[in-house]
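I looked up charged pairs to begin with, then a helix contact.

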Amino acid sequence: MNSPDRARLLEAYASGTPVREIATRFGVHRATINRLVSESDVPLRNYKLSPSEQEKARKLFESGLSLVKVAEAMDISRTGARNAILAAGGTMRPTGRNIRHAGHSLQL
């Protein structure tokens, strides 16, 4: 990434533009943004969800939405969604697909 693009990317990050939006705009992965910010003197954001947002994530997940769908609904990362669900007292479901077969639920 050239210097002008890097400077614009860091400026967007510093101004609060969501990382997903920056990634799309500059055609880079979110991890690249984190690396570039870490290598610069721009302070890392430490965004934490409020207790009510954590509770919302937990309720969405417990209603049957997947972790990915909760993250999309709240415009946060999957890790952020997982952390919010756990912080609100929720528990994670086993990974994989559930299939009903002859009256039994199987975990794949």
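**Salt bridges**

I started with Glu39, which forms a salt bridge with Arg35, the closest N and O atoms being 3.4 Å apart (a side-chain nitrogen of Lys or Arg within 4 Å of a carboxyl oxygen of Asp or Glu). This is a predicted model, where local features need pLDDT of at least 70 and side-chain atom pairs count only at pLDDT 80 or more, while totals for chains, interfaces and linings use all residues. Residues are numbered from 1 along each chain as its sequence is written, and side-chain values use heavy atoms, leaving out hydrogens and water.

Glu39 and Arg35 are four residues apart in helix H3 (residues 30–39), so about one helical turn separates them (helices are DSSP runs of H or I, at least four residues, numbered from the N terminus). Glu39 counts as exposed at 53% relative accessibility, and Arg35 as partly exposed at 42% (buried is under 20% relative accessible area, exposed over 50%, partly exposed in between, with a 1.4 Å probe and protein chains only).

How many salt bridges does the structure hold? I found seven. Among them, Asp75 and Arg20 meet at 3.7 Å, N to O. Asp75 lies in the loop between helix H5 (67–74) and helix H6 (78–87) and Arg20 in helix H2, so the pair ties together parts 55 residues apart in sequence. I also noted a salt-bridge network linking Glu55, Arg58 and Glu62.

**Helix contact**

Next I checked H1 against H2: Asp5, Arg8, Leu9, Ala12 and Tyr13 in H1 meet Val19, Ile22, Arg25 and Phe26 in H2 (heavy atoms within 4.5 Å).

Note on methods:
Helix = DSSP H or I, 4+ residues; strand = E, 2+ residues; numbered from the N terminus.
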